[in-house]
Amino acid sequence: MQMLSRFRGSAEMMPAGDEKFSYALPTHATDEFREFLKPWSLVETMPGFLARLPGGRVFGSGNVLSPDGRSIARDVSPDFGKPFDDHWLLTFQRIRPPVPLAGVVAVVATTLGSGYSHWLLEELPRLLMLASADVATLIAHGSSSISREALRLHGFAGCLIEAKREEHFACEQLVIPALPGEAGQPAPEVVRRLAEFVAPLHAA
């Protein structure tokens, strides 16, 4: 399996700056702890996009593969702590044949998205990039009550497929929202969009 560094499809770029932002470090922490946090306090905004990949595949927890299954779209298929050319799927030997999915399918599921923090800061922002009426099927981590409420609030009423280990799908038309940034380092714009999304819950 080879690396797929760019999508062989179309991509709609969304407004986003190429800027850096520093979060304030805790004032009452020790100098040692502040130094520990310092590398993670600087975040860089990343350009958003919605890519369309005809025949694109999805494996496991949201890994995006090329239509022939031989390449990985690494920028939306993270393998935490590994360099770009050392994804775990490169040595994975037992990928089952894909299940075909007709129509427009979107994947917002991401690595460790079954856990709350990764779901909140990486998977939910990807969902918010989608127009609910444009997608018939969604691959996501949607089994928790929180994720189900988010789907309701978003207005998605199509077919939900739970992202599971070793599941493999070949999609007629695959829509892929960009990841919002580095894991655990949300940019202010991502936090703002999340706050706006949940605002109606506070008013209820």
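Predicted model: local features only at pLDDT ≥ 70, side-chain atom pairs only at ≥ 80, totals over all residues.
Trainee: How many disulfides turn up in the whole structure?
Mentor: The search over the whole structure gives 0 disulfides. A disulfide is a covalent bond between the sulfur atoms of two cysteines.

Trainee: OK, switching to aromatics. How many aromatic pairs are there?
Mentor: The whole structure contains 5 aromatic pairs. One of them joins Phe33 and Phe36, whose ring centres lie 6.2 Å apart with 20° between the planes, and this pair is stacked.

Trainee: Why does that one count as stacked?
Mentor: Planes under 30 degrees apart count as stacked, and the angle for Phe33 and Phe36 is 20°.

Trainee: Which residues make up the aromatic cluster?
Mentor: Phe59, Trp88 and Phe92 together form one aromatic cluster.

Trainee: Now the open space. What volume does the largest pocket have?
Mentor: The largest pocket holds about 450 Å³ of space. Its lining is made of 20 residues, and those nearest the centre of the pocket are Arg74, Asp75, Pro78, Leu179 and Glu182.

Trainee: How does that pocket lining divide by class?
Mentor: The lining of the largest pocket has 11 nonpolar residues, along with 3 polar and 6 charged ones.

Trainee: How many cavities of 30 Å³ or more are there?
Mentor: There are 2 cavities of 30 Å³ or more, and the largest cavity has a volume of about 70 Å³.

Trainee: Which elements give two or more residues to the lining of the largest cavity?
Mentor: Those elements are helix H2 (116–128), strand S10 (137–140) and helix H3 (145–154). H2 supplies the largest share of that lining, with 4 residues. The residues lining the largest cavity include Val108, Trp119, His141 and Leu151, and by class the lining has 8 nonpolar, 3 polar and 1 charged residues.

Trainee: And the second largest cavity, what lines that?
Mentor: The second largest cavity has about 40 Å³ of space, and its lining consists of Leu121, Glu122, Pro180, Gly181, Glu182, Ala183, Gly184, Gln185 and Pro186. By class, these lining residues divide into 4 nonpolar, 3 polar and 2 charged.

Trainee: Last topic, charges. How many salt bridges does the search find?
Mentor: The search of the whole structure finds 6 salt bridges. Side chains of opposite charge can pair when their charged atoms come close. One example is Arg152 with Glu149, where the N to O distance is 2.6 Å.

Trainee: Which helix holds Arg152 and Glu149?
Mentor: Both lie in helix H3, 3 residues apart, which is about one turn of the helix. Arg152 counts as exposed at 52% relative accessibility, while Glu149 counts as partly exposed at 31%.

Trainee: How far apart are the closest N and O atoms of Arg165 and Glu166?
Mentor: In that salt bridge the closest N and O atoms are 3.8 Å apart. Arg165 is exposed, with a relative accessible area of 65%, and Glu166 is partly exposed, with a value of 26%.

Trainee: Which residues are linked in a network of salt bridges?
Mentor: The network links Glu189, Arg192, Arg193 and Glu196. Within it, the side chains of Glu189 and Arg192 meet in a salt bridge with an N to O distance of 2.4 Å.

Trainee: How are Glu189 and Arg192 placed in their helix?
Mentor: They are 3 residues apart in helix H4, residues 188–203, so about one helical turn separates them. Glu189 is partly exposed, with a relative accessible area of 38%, and Arg192 also counts as partly exposed, at 38% relative accessibility.

Technical notes: Residues numbered from 1 in each chain as written. Heavy atoms only, no water. Phe/Tyr/Trp six-rings, centres within 6.5 Å; stacked < 30°, edge-to-face > 60°. 1 Å grid on protein atoms, 1.4 Å probe; cavity = no way out; pocket = protein on both sides within 12 Å on 5 of 7 lines; lining within 4 Å. Points joined across faces, edges and corners; volume = space filled by probe spheres on them. Nonpolar A, V, L, I, M, F, W, Y, C, P; charged D, E, K, R; others polar. Disulfide = S-S within 2.5 Å. Salt bridge = Lys/Arg side-chain N within 4 Å of Asp/Glu carboxyl O. Buried < 20%, exposed > 50% of the residue type's maximum accessible area, 1.4 Å probe, protein only.
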